[in-house]
Amino acid sequence: MIIIPDTHGLDFWKDAVSKRQDNEKIIFLGDYLDPHEGKINKAAFEQCFDNLCQILEFKKANEESCILLFGNHELSYLFGWWTTFPHNFGRHFAYQKFLKKEISNFQLMHVEQYDSKPFLFSHAGVHPSWIKKYVKQKHSIEAAIEYLTISPVKKFRRRLNYLTIERKFFPTRWGSCVWLYLDDWGKIQHGKLGLDPYYQIFGHSALSNPIITETFAALDCGKAFRLDEIRGIITPL
């Protein structure tokens with residue numbers, strides 16, 4: 001399985017998908033819109049949008065094997081949060097209309113089962129405290145994850161817009177699965193993020209190099225990766 005973290009207008013994903021083997025699955029972890037590095041100008045915003053259109057074309061041509069997750073940048077336009085930076089204020093409503101039209105091509109998170117181990121893909125990672133407090137599915141973590149996976153994203157519009165900066169003022173609030181940063185977990189002990197039985201794979205937290213441990217992989221570093229479905233090992237592509 002090929003994993004493509006935040007693109008923000010970059011086209012490294014094209015080289016990655018050219019290396020797919022035997023129609024293997026490809027998953028994008030969100031954040032296609034808004035430039036993340038370099039100059040922030042009209043041309044950069046347009047490049048991000050054009051890149052997203054190309055990704056959507058690829059998705060539609062590979063409907064069964066390509067998965068697109070939402071990132072906080074897409075949801076900020078879709079739901080009118082206006083909270084991301086940078087944000088294309090001049091094209092906000094045009095992007096919103098576009099994403100409403102294409103909403104069926106995206107999902108909030110995805111689970112793959114390899115050798116009895118569930119791998120949980122999301123844009124920013126899932127904190128158990130956010131799940132327990134804001135997702136009204138109290139039977140189990142597994143039930144809550146399934147609920148988030150199969151339900152329409154608009155159902156969680158308010159619950160997804162929990163920014164991590166709010167924790168400074170509301171210490172009982174945790175960032176959602178599109179806003180949580182790696183630092184918000186506090187001190188990570190032995191690479192554990194505490195959402196058993198899932199192995200979490202996410203982007204969002206910009207890194208120079210990926211962090212890959214026994215229980216999670218933070219991959220937002222401008223590179224694509226491959227998940228070995230037999231060994232459960234993640235390596236740069």
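A residue is called buried here when its relative accessible area is under 20%, exposed when over 50%, and partly exposed in between (1.4 Å probe, protein chains only). Helices (H or I, at least four residues) and strands (E, at least two) are DSSP runs, numbered from the N terminus. The model is predicted: local features need pLDDT of at least 70, side-chain atom pairs count only at pLDDT 80 or more, and totals for chains, interfaces and linings use all residues. Residues are numbered from 1 along each chain as its sequence is written, and side-chain values use heavy atoms, with hydrogens and water left out.

Strand β7 (residues 199-202) is covered on both faces, with Tyr199 and Ile201 buried on one side and Gln200 and Phe202 buried on the other. Two strands count as paired if DSSP finds at least two bridges between them. Strand β6 (residues 117-122) runs parallel to β7 and is joined to it by 3 bridges, with Phe121 opposite Ile201. β7 is also joined by 3 bridges to strand β9 (residues 216-218), again in parallel, and here Phe202 stands opposite Ala218.

An open sheet of mixed pairing is formed by 6 strands in the order β4-β3-β2-β1-β10-β11. β4 and β11 (234-236) stand at its edges with a single partner strand each, so one side of each has no neighbour in the sheet. Within this sheet, β1 (residues 2-4) and β10 (residues 225-227) run antiparallel and are joined by 2 bridges; Ile3 has Phe225 as its bridge partner in β10.

The last topic is the pockets. On a 1 Å grid over the protein atoms alone, a pocket is an open set of points where a 1.4 Å probe fits, with protein on both sides within 12 Å along at least five of seven lines; lining residues have an atom within 4 Å of a point. The largest pocket holds about 240 Å³, and of its 18 lining residues the closest to the centre are Thr7, His8, Leu10, His36 and Glu37. The second largest pocket has a volume of about 190 Å³. Of its 17 lining residues, His36, Asn72, His73, Phe85 and Tyr181 are the closest to its centre.

Technical notes. Points joined across faces, edges and corners; volume = space filled by probe spheres on them.
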